[in-house]
2 protein chains.
Amino acid sequence: MSSNRDIDALIDMMAKLPGLGPRSARRAVLHLIRKRALLMAPLADMMQTVAANARECLNCGNIGTGDICDICASSARGNGILCVVEDVADLWAMERSGVFKGRYHVLGGTLSALDSIGPDELRIPRLLDRVQTESVTEVILALNATVDGQTTAHYIADQLEGRVALSSLAQGVPIGGELDYLDDGTITAALNARKPMA
Amino acid sequence: MSSNRDIDALIDMMAKLPGLGPRSARRAVLHLIRKRALLMAPLADMMQTVAANARECLNCGNIGTGDICDICASSARGNGILCVVEDVADLWAMERSGVFKGRYHVLGGTLSALDSIGPDELRIPRLLDRVQTESVTEVILALNATVDGQTTAHYIADQLEGRVALSSLAQGVPIGGELDYLDDGTITAALNARKPMA
Ligand SMILES: [Zn+2]
Ligand SMILES: [Zn+2]
């Protein structure tokens, strides 16, 4: 109810973002209108660019603006180590820690009997392919320390046993914790102290 | 640190919105990318439209997408009653209550000796003009119940005394409270019980 149809439509769309309700959407839109030249116009342009170009990497499932993401495209990242994560938010969290120099594989979720999510609903077949075709020597299973995350890690470890070195993030990941909520130091410690899968 | 330059730029810009930090900006951008056809592209388009067209109404200071806002342009709203508010957010709050049928005048702040804001820094001269040129019969001073808000209300009342009926929002506005934080029912009650200025 700003008295203007376009502004109301903008507030309604902003209110659909996670963490924003109608009130914070109104505040955000008013702020944007006040900074329309310096913030709103560039934000709208970049949002349009990303909306037009963002897609999942055909190789690893990361989100980028081309068919193959920047990490898969970088030969410097092809060190034979793959880090398996549930989700793009987890990949971003790993990248913020800055300590992992290899490539990723984004599963797109976890196995879940309850939700009928089996290996074929995730990017698990593609992971098994990549291990064979990309001279992978180590797979780090960086899944969340939840029941479903650990079930998924064990399933993948069973499939890959004897074919590559397997490790999982070790100390620092709290029970029930999710990677995306951890600080960079904790992720760094957990990665450096990774332990071979039993 | 999404591993993609455009996505990182988008996250940085979103993190500048009030109420969003880096973490909630990342969540919002990931949500937008996942809903890029249904939410992100229309949001970017509407943001571009508003960024290109939003401006302050030359008459009242409300924000709209033309030189004269929809409220000033509507003859149905020209009932001779002007509601004076500090801020566009306050105008939006009044409109949400749906009870006021006249036009507005947005001051753009309050008088403040501390910040050297005098009448000419606000839209006060324009208000005095409008009272003369738009057959105004009543001015409702709907300023925040803060010291600066009430000082400003008394200053305006002094200028207009004897020329129009003057009233202020009465019961329901808590001491030190700001209009933009009130629920619609409280605003409705305060408006209906408005009292003549002493
Ligand atoms: Zn990739
Ligand atoms: Zn207007």
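1. Helix α1 of chain A. The buried residues of α1(A) are A:D6, A:I7, A:D8, A:L10, A:I11, A:M13 and A:M14. That is 7 of the 10 residues of the helix, which runs over residues 5-14, so α1(A) is largely enclosed by the rest of the structure. The model discussed here is a predicted one.

2. What α1(A) packs against. The neighbours come from both chains. Within chain A, the buried residues of the helix pack against α2 (22-34) and α3 (36-53). From chain B, they meet α3, β2 and α5.

3. The start of α1(A). The N-terminal end of this helix is capped by A:N4. A side-chain oxygen of A:N4 lies 3.1 Å from the backbone nitrogen of A:D6. A:D6 is also one of the buried residues of point 1.

4. Asn4 in chain B. Where is B:N4 found? B:N4 is in the segment before α1 of chain B. Its relative accessibility is 4%, and because buried means under 20%, B:N4 counts as buried. The side chain of B:N4 reaches across to the other chain, where a polar contact of 3.0 Å joins it to the side chain of A:T65. Leaving aside neighbours within four places in sequence, B:N4 is in contact with A:G64, A:T65 and A:D70.

5. The annotated region of chain A. UniProt, in an unreviewed entry, places the feature "zinc finger region: C4-type" at residues 57-72 of chain A. Over these residues the chain is 19% helix and 12% strand.

6. The contact between the chains. The contact takes 55 residues from chain A and 56 residues from chain B. The size of an interface is often given as the accessible area lost when the parts come together. Here chain B and chain A bury about 5,500 Å² between them, and 68% of that area is on carbon and sulfur atoms.

7. How many salt bridges does the rule find across the interface of chain B and chain A? There are 2. A:R34 forms a salt bridge with B:D87, with the closest N and O atoms 3.4 Å apart.

8. The chain B side of the contact. Several elements of chain B each supply at least two residues to the side that touches chain A: α1 (5-14), α2 (22-34), α3 (36-53), β1 (55-56), β2 (63-64), α4 (70-73) and α5 (88-97). The most comes from α3(B), with 14 residues. By type, the residues of this side divide into 32 nonpolar, 9 polar and 15 charged.

9. Salt bridges within a chain. A search of the whole structure finds 12 salt bridges over all chains. In chain A, the side chains of A:R123 and A:E56 meet in a salt bridge, 2.9 Å from N to O. This pair links distant parts of the chain: A:R123 is in the loop between β4 and α6, A:E56 is in strand β1 (residues 55-56), and the two are 67 residues apart. A:E56 counts as partly exposed, at 46% relative accessibility.

10. The pair in chain B. B:E56 forms a salt bridge with B:R123, the closest N and O atoms being 2.9 Å apart. Again distant parts of the chain are linked: B:E56 lies in strand β1 of chain B and B:R123 in the loop between β4 and α6, 67 residues apart. B:E56 is partly exposed, with a relative accessible area of 45%.

11. A network in chain A. Salt bridges that share partners join A:R103, A:R130 and A:E134 into one network. Within it, the side chains of A:R130 and A:E134 meet at 2.7 Å, N to O. Is A:R130 buried or exposed? At 0% relative accessibility, A:R130 counts as buried, whereas A:E134 is partly exposed, at 22%.

12. Ser116. Most residues other than glycine have a negative phi. A:S116 has a positive phi of about 50 degrees although it is not a glycine. A:S116 lies in the loop between β4 (103-106) and α6 (124-133) of chain A, and is exposed, with a relative accessible area of 58%. For chain B, B:S116 likewise has a positive phi of about 50 degrees. B:S116 sits in the loop between β4 (103-106) and α6 (124-133) of chain B and counts as exposed at 58% relative accessibility.

Terms used: Residues numbered from 1 in each chain as written. Chains lettered and ligands numbered in written order. Predicted model: local features only at pLDDT ≥ 70, side-chain atom pairs only at ≥ 80, totals over all residues. Heavy atoms only, no water. Contact = heavy atoms within 4.5 Å. Buried area = accessible area lost by both parts, 1.4 Å probe. Salt bridge = Lys/Arg side-chain N within 4 Å of Asp/Glu carboxyl O. Helix = DSSP H or I, 4+ residues; strand = E, 2+ residues; numbered from the N terminus. Nonpolar A, V, L, I, M, F, W, Y, C, P; charged D, E, K, R; others polar. Buried < 20%, exposed > 50% of the residue type's maximum accessible area, 1.4 Å probe, protein only. UniProt positions renumbered as here; feature names shortened; annotations may be inferred. Polar contact = N/O pair within 3.5 Å; in protein donor to acceptor, adjacent residues only side chain to side chain.
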